[in-house]
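Here's a quick briefing to read alongside the model. Have the sequence and the 3D view open as you go.

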Amino acid sequence: MCSETARTGEIISVILPVYNVEPYVGKCLESILAQTCQNLEVICVDDGSTDRSGQICEEFAARDERVIVLHKENGGPASARNMGLNIFSGNYVSFIDPDDWVEPDMYELLLGALERSPEADFSTCGYFMDYPDGRSTPIRNQVEIPERLISPPDYLYYVYQRDLYRGVAGYPVGKLFKRSLFEGAAGVRFDEEYPVGEDTYPLVRCVLRSSYIVFEPKPLYHYYQRETSLSHVRSNALGLSDVDSYGRVVETLAGTPAYVRACAYAKRFAVYHAGLVMEYTLSTRNREKTAGLRETVRKYLDVYLETNAAYPERIQWIQRLLTEAEQLLDR
């Protein structure tokens, strides 16, 4: 059974940005509507789909009055999520990507976590990586998180320290936010100028606006690997916006003593993503893009080397890329 709060009328607004996901969106919607928490408002924002995605959403809306469908010209997932945020009416907000799906008790557990810890502003859960071959792998932390109420600095450290805390996802999906995080002039919105990594910085803003976060380690969200992260980052505007988004995180956290650990690992993330994209720009002999990426790597290289001291293969990888970049740019 769902919580007492949900039974007394408080609503969870679930926002889906929908674009050309015809094979997947039906399964996603079915998993949402089958939740043990039934007080839902499901906002599907059809972002100019050219397949039947929008029509499938309309078919669900015809069968279930909790489903709302909006249609718009294509503008990317950030603009679709923002359209949903502009009209939602729930007491809580959640985001799901339309090619993913969720366990039937996800909202029951996330809402219960917030009810037991009213000081927290959002709750988050563990997740699965799911693959086209049918594999479903729960992602676990290597080290148990001892706190029930996690402070914002510790939470961002857990997000970016991926070697120990892979089960703490740095995405807005698989979470339940109080509506206050998105209200008012300072309310969080997604970055529409970023085609990749558009959700990286908004999650950080949610964290910074929060007093505490609650983590439910049980995997409840299924993150479907329709594309490998590498091909995705390479194929979308050379992945440079993903690198830029981590740069914004670093700029925001830098200079604040409480966030020293989190900022160091955010810098490592920036170097890692710059390295992924630089592999591609080197293979295509793109001197201009390689030059910018090399500067990002150099800027945070000391921190990258320090935080990867136990992983010599990573250090060798980034040093090899820098050598190849120098050969391309400095000859």
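This is a predicted model: local features need pLDDT of at least 70, side-chain atom pairs count only at pLDDT 80 or more; totals for chains, interfaces and linings use all residues.

Residues are numbered from 1 along each chain as its sequence is written, and side-chain values use heavy atoms, with hydrogens and water left out.

**Overall shape**
- The protein has 13 helices and 10 strands; these are DSSP runs numbered from the N terminus, with H or I over at least four residues for helices and E over at least two for strands.
- The protein is as compact as a globular protein of its length, because its radius of gyration of 20 Å is close to the 20 Å that the globule rule gives for 331 residues (taken over C-alpha atoms; the rule is 2.2 Å times the number of residues to the power 0.38).
- Along the principal axes, the C-alpha atoms fill a box of roughly 65 × 45 × 40 Å.

**Packing, surface and charge**
- Of the 331 residues, 56% are buried (under 20% relative accessible area; exposed is over 50% and partly exposed is in between, with a 1.4 Å probe and protein chains only).
- Among contacts with a separation of 6 or more, 79% link residues 24 or more positions apart (contact means heavy atoms within 4.5 Å).
- The accessible surface is about 14,300 Å², and carbon and sulfur atoms own 49% of that (Shrake-Rupley method, 1.4 Å probe; for residues, only the protein chains shown count as cover).
- There are 35 positive and 48 negative side chains, and the centres of the two sets lie 4 Å apart (Lys and Arg versus Asp and Glu, leaving out His and the chain ends; charges are placed at NZ of Lys, CZ of Arg, CG of Asp or CD of Glu).

**Strand β9 and its partners**
- In β9 (residues 175-178), Lys-175 and Phe-177 point one way, Leu-176 and Lys-178 point the other way, and all are buried.
- Strand β4 (residues 92-95) pairs antiparallel with β9 over two bridges (pairing takes at least two DSSP bridges), and Val-93 stands opposite Phe-177.
- Strand β6 (residues 122-130) also runs antiparallel to β9, joined by three bridges, with Phe-122 as a bridge partner of Phe-177.

**Two single residues**
- Ser-31 sits in helix α2 (residues 25-33) and is buried at 11% relative accessible area.
- Leaving aside residues up to four places away in sequence, Ser-31 touches Trp-101 and Val-102.
- Pro-217 is in strand β10 (residues 213-224) and is partly exposed at 48%.
- Pro-217 and Tyr-19 are 198 residues apart in sequence and 30 Å apart in space, C-alpha to C-alpha.
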